[in-house]
Amino acid sequence: MGIKKNIFFGGLNELRAIAALSVILHHIELFKHRDKIESLFDSEYTLYWIEHLGKNGVYLFFVLSGFLITYLLLSEKEKNSTINLKKFYLRRIFRIWPLYYIILFISFIIVPLLTFIFPLFSITPSYYHLIKDASNYDLKSFLLYFTFLPNFAVKAGKILAGASQSWSVGVEEQFYIIWPVIISFCNRKTMLLVFLSILAVFAVINLQFPNSLIGTIVTIIPFEFMAIGALGGYFYYKNTEEITQYTKSNILYAGVLLLIAILISIPVFKLYIQNIILGFVFLLLIIISINSSNKAVLRSRYFSFLGTISYGIYMYHPLIMFLIFPVFYKLLIFYNNIFVFNIGVFMFIPGITILVSYGSYRYIEKKFIDIKDSKFKTL
């Protein structure tokens with residue numbers, strides 16, 4: 001098999017955009033529900049869908065990461081006969097860390113200051129109670145978030161207003177630590193066995209020992225979704241042409257979309273089993289979406305743009321919610337019009353989030369991305 005060059009997969013930014021927007025929708029409805037405002041959580045017809053929409057968006061991110069990182073590392077290993085671990089880790093640091101620590105600074109310092117200076121922020125109960133809870137700002141919380149263990153912080157009940165969504169970024173970073181080591185030191189057959197073992201072991205522990213110490217740990221680091229993506233990346237790398245031929249079908253694409261719609265809307269199996277099945281269907285969606293020969297797949301410059309800044313969208317939106325919700329809560333109290341409230345919230349929160357994310361990407365993140373791409377390129 002020839003060495004792959006200039007690796008770029010079209011269609012992935014569109015999926016990133018959908019995943020990020022799904023998380024925003026979930027969080028808006030969740031905070032409305034927690035603050036006793038009519039939401040999609042209040043209807044039996046939409047409860048399952050909205051309750052799990054945020055996690056499903058994150059699982060799509062995880063499967064996509066497993067697929068892409070595995071494929072890229074296999075490409076690097078074939079081209080260079082090794083993986084430059086130092087460059088890999090530095091590339092991840094320059095892409096992830098700057099925005100992550102900006103979010104932490106705002107969440108630990110700016111958000112509490114604004115809350116206690118301006119009485120307006122006290123009218124949103126969910127945020128206000130989190131911010132008033134001093135234990136969310138103690139040394140343990142700070143150390144867990146600062147050392148890229150936000151998933152452990154959230155599990156320990158350290159819910160930091162504006163930054164608790166970073167739990168999934170922590171999972172990604174922990175994944176980035178071990179995955180290049182696995183691919184670097186394993187041959188093809190051993191590597192495949194490791195991916196399958198991670199998936200099987202995590203699934204068995206989740207299903208059989210969910211309340212044990214090891215069960216708690218595996219729920220904090222759900223690597224099984226990365227393993228699903230990694231299996232796809234492995235087989236796609238080895239069998240690109242064959243898989244491309246099979247995924248040209250518009251009917252297959254429609255079937256995958258229908259299956260996703262069912263699995264995210266209706267509880268068919270036990271939740272964990274359904275999530276694993278959904279992970280594999282997400283993998284199918286990814287593989288079909290990168291097939292440029294399939295003209296039915298989503299290709300949109302607008303969604304591609306949103307996918308480019310999706311890290312910012314994911315990280316900034318709770319802070320924008322913190323700023324916007326009190327204004328519209330006040331209007332809701334004054335006018336008692338839920339329709340106007342929803343229109344305002346769903347216009348301003350995504351809109352301002354996108355604007356802030358674009359500004360962050362262009363004027364902050366891009367500077368670090370350019371350094372990453374110029375100094376630590378591996379392919």
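Modeller: A helix here is a DSSP run of H or I at least four residues in length, and helices are numbered from the N terminus. The model is predicted. With that in hand, α1 is followed by Lys-36, whose phi is positive, near 65°.

Biologist: Is Ser-81 buried or exposed? And is Phe-148 buried or exposed?

Modeller: Read the relative accessibility: under 20% is buried and over 50% is exposed. Ser-81 has 66%, so it counts as exposed. Phe-148 has 7%, so it counts as buried.

Biologist: What about a value in between, as for Ile-93?

Modeller: Ile-93 has 25% relative accessibility and therefore counts as partly exposed. Ile-93 is part of helix α3.

Biologist: How do I read the length of a helix, say α1?

Modeller: Compare the end-to-end span with what 1.5 Å a residue would give. α1 has 23 residues, and its first and last C-alpha atoms are 33 Å apart, close to the expected 33 Å. Of those 23 residues, 17 are buried, so α1 is largely enclosed by the rest of the structure.

Biologist: Which way does α1 run against α2?

Modeller: Look at the angle between the axes; over 145 degrees counts as roughly antiparallel. Helix α1 (residues 12-34) packs on helix α2 (residues 47-80) at about 150°, the axes being 8 Å apart. That angle is why α1 is roughly antiparallel to α2. The crossing of α1 and α2 is left-handed.

Biologist: Which residues in α1 and α2 meet?

Modeller: On the α1 side they include Leu-12, Leu-15, Ala-19, Val-23 and His-26. On the α2 side, Trp-49, Ile-50, Leu-53, Phe-61 and Leu-68 are among them. By class, the contact of α1 with α2 has 14 nonpolar, four polar and three charged residues.

Biologist: Why do residues three or four places apart in an α-helix point the same way?

Modeller: Because an α-helix has 3.6 residues a turn.

Biologist: And how does α1 lie against α15?

Modeller: An angle under 35 degrees counts as roughly parallel. The axes of α1 and helix α15 (residues 310-335) cross at roughly 25° and come within 10 Å. So α1 and α15 are roughly parallel to each other. Their crossing is right-handed. Residues making the contact include Ala-20, Ile-24, His-27 and Phe-31 of α1, with Ile-313, His-317, Met-321 and Phe-325 among those of α15. The classes in this contact of α1 with α15 are 10 nonpolar, three polar and two charged.

Biologist: At what angle do α3 and α7 cross?

Modeller: Helix α3 (residues 85-117) and helix α7 (residues 167-185) cross at roughly 175°, with axes that come within 10 Å. They are therefore roughly antiparallel. Phe-88, Arg-92, Ile-96 and Trp-97 are among the α3 residues that meet α7, whose side includes Glu-173, Tyr-176 and Pro-180. That contact of α3 with α7 has 11 nonpolar residues, two charged and no polar ones.

Terms used: Residues numbered from 1 in each chain as written. Predicted model: local features only at pLDDT ≥ 70, side-chain atom pairs only at ≥ 80, totals over all residues. Heavy atoms only, no water. Axes fitted to C-alpha atoms, helices over the stretch in contact; angles between N-to-C directions. Helix = DSSP H or I, 4+ residues; strand = E, 2+ residues; numbered from the N terminus. Parallel < 35°, antiparallel > 145°, perpendicular 65-115°, else oblique. Left-handed = near helix turned anticlockwise from the far one by under 90°. Contact = heavy atoms within 4.5 Å. Nonpolar A, V, L, I, M, F, W, Y, C, P; charged D, E, K, R; others polar. Expected span 1.5 Å × (residues − 1). Buried < 20%, exposed > 50% of the residue type's maximum accessible area, 1.4 Å probe, protein only.
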